Amino acid sequence: MTQKDFIPNLEPKNISPGEVSWQSPSNIALVKYWGKKENQIPANPSISFTLDNCKSTTTLKFSKKDEITGTAEFDFDFYFEGKQKEDFKPKITKFFQRIEQYCPYLKDFSFEIHSENSFPHSSGIASSASGMSAIALCLMDMERKLYPEFSDEYFTKKASFLARLGSGSASRSIDGGLVVWGEHKDIEGSSDEYAVAYPYKVHEIFRNYKDTILLVDKGEKQVSSTVGHDLMHGHPFAENRFRQANDNLKALIPVLESGDTTEFIKIVESEALTLHAMMMSSQPYFILMKPNTLQILNKIWEYRDKTGIPVCFTLDAGANVHVLYPENHETKILEFINNELVVYCQNGHYICDHVGDGAKKLYF
Ligand code: DP6
């Protein structure tokens, strides 16, 4: 499907006021998206595990504007955790502007958007993936009422397409399991426009992989992802990095099939460190890791060497550490975290998560 396919070309049905609710998870990338072109097109393909416990729950209330008194502007109020939030509105207005040509009905309605996160607001966990995908799903649910003829496949693809226009990584939060966003020559059906469920065989070990998120620094990031992506333009290592991401994704295909955790760890940890190396070597340069991030990485390496348990880390654009490991080592790893890593977490906080099934519609 191409961009054009996401522009409705039928007359919309008349719909009465209503509301829809969706729950959408966060995700953690194994091969990272870092760098983009115009219109939220990624510079390289990425793959992520969809999470389960870290999620946003969003309700969209809609009613058709009065044809005479209604304005030709976007009309919405945004509530986060029950409170009206004016400061979130510019981000949503920008999102609406980006998707308007694919959702031409947006200005015909008045909306109320209510959103909440399962994880603490100030945890430093990216909420844009779960938040933007949840809004995209709610809009698609309303769109399905306007154009009842479209298919489930269209629904999922366009939800991911719209989510991508809100935040790139949000495109990977619709489906469950492993999800690929960005065209890769060895991954059938992959696209720059939307994410797809990873289409090949996945070893049992990766089905319920655990991700314990160590909250090292809950503060606001000094440099946003959007600014970081932008710094990949003219970055001296950009082309090699984009090639490396393509190579790493290709190398993951047999690893995901065989369940080879040694190779998995090599790729995933290298991706995390390369992401931060790109930040450190951009102009201006910056560092998002904290001293405690490095303490944790060293402890994980030491523990892995000592026990042979295939535990590894990955990092987002921040100081928090995602500890990844197979389900059958959960007891041991939680013991390790509590005994040796919790001291490096802000207020001793961490979040236990695992691979999930993707976004869900809520019925009240
Ligand atoms: C480091 O999706 O937050 O988490 O498209 O500008 O909203 P925008 O960026 P965003 O970038 C996420 C980058 C990352 C890596 C990843 O999730 O692949």
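**A walk through the predicted model**

Asn-39 lies in the loop that joins β2 (36-37) to β3 (41-42); helices (H or I, at least four residues) and strands (E, at least two) are DSSP runs, numbered from the N terminus. The model is predicted, with local features needing pLDDT of at least 70 and side-chain atom pairs counted only at pLDDT 80 or more, while totals for chains, interfaces and linings use all residues. Residues are numbered from 1 along each chain as its sequence is written, and side-chain values use heavy atoms, with hydrogens and water left out.

Asn-39 is not a glycine, yet its phi is positive, at about 55°. Gln-40 is found in the loop between β2 and β3 as well, and Gln-40 also has a positive phi, of about 60°, without being a glycine. Are these residues buried or exposed? Asn-39 counts as exposed because its relative accessibility is 54%, whereas Gln-40 is buried, with a relative accessible area of 6%. The terms are set by cut-offs: buried means under 20% relative accessible area, exposed means over 50%, and partly exposed lies in between (1.4 Å probe, protein chains only).

The ligand comes next. It is surrounded by 17 residues, and the closest are Tyr-33, Ser-167, Gly-168, Ser-169 and Arg-172; a residue is near a molecule or strand if one of its heavy atoms lies within 4 Å of it. Helix α4 (residues 225-230) provides the largest share of the shell, namely three residues. By residue class, the shell holds five nonpolar, eight polar and four charged residues.

An N or O atom in the side chain of Tyr-33 is 2.6 Å from a ligand oxygen, and for the side chain of Ser-169 the corresponding distance is 2.7 Å. His-229 has a polar side-chain atom that lies 3.0 Å from an oxygen atom of the ligand. Taken alone, the ligand exposes 460 Å², and the protein buries 93% of that; accessible areas come from the Shrake-Rupley method with a 1.4 Å probe.

The charged side chains of the protein form a further subject. Side chains of opposite charge can pair when their charged atoms come close. The model contains 16 salt bridges, each being a side-chain nitrogen of Lys or Arg within 4 Å of a carboxyl oxygen of Asp or Glu. One of them joins Lys-61 to Glu-112, at 4.0 Å from N to O. Lys-61 belongs to strand β4 (residues 46-64) and Glu-112 to strand β7 (residues 109-117), so this pair ties together parts that are 51 residues apart in sequence. Lys-61 is partly exposed at 32% relative accessibility, and Glu-112 is partly exposed at 26%.

Another salt bridge joins Glu-269 and Arg-304, with 2.8 Å from N to O. This pair links distant parts of the chain, since Glu-269 sits in helix α6 (residues 261-280) and Arg-304 in helix α7 (residues 291-307), 35 residues apart. Glu-269 counts as buried, at 6% relative accessibility. Between α6 and α7 runs a loop that contains Pro-284, and the peptide bond from Gln-283 to Pro-284 is cis, with omega near 5°.

Which residues are linked in a network of salt bridges? The network consists of Asp-141, Arg-144, Asp-152 and Lys-361. Within it, the closest N and O atoms of Arg-144 and Asp-152 are 3.7 Å apart. Arg-144 is partly exposed, at 26% relative accessibility, whereas Asp-152 is exposed, at 58%.

Two further pairs show residues separated along the sequence. Lys-250, in helix α5 (residues 238-258), is 66 residues from His-184 in sequence and 8.3 Å from it in space, C-alpha to C-alpha. Lys-250 counts as partly exposed, at 43% relative accessibility. His-349, in the loop between α8 (330-341) and β13 (350-354), is 136 residues from Ile-213 in sequence, with their C-alpha atoms 8.8 Å apart in space. His-349 is partly exposed, with a relative accessible area of 38%.

Technical notes:
A polar contact is a pair of N or O atoms within 3.5 Å; within protein, one must be able to donate a hydrogen and the other to accept it, and residues adjacent in sequence count only if both atoms are side-chain atoms. Ala, Val, Leu, Ile, Met, Phe, Trp, Tyr, Cys and Pro count as nonpolar, Asp, Glu, Lys and Arg as charged, and the others, Gly among them, as polar.
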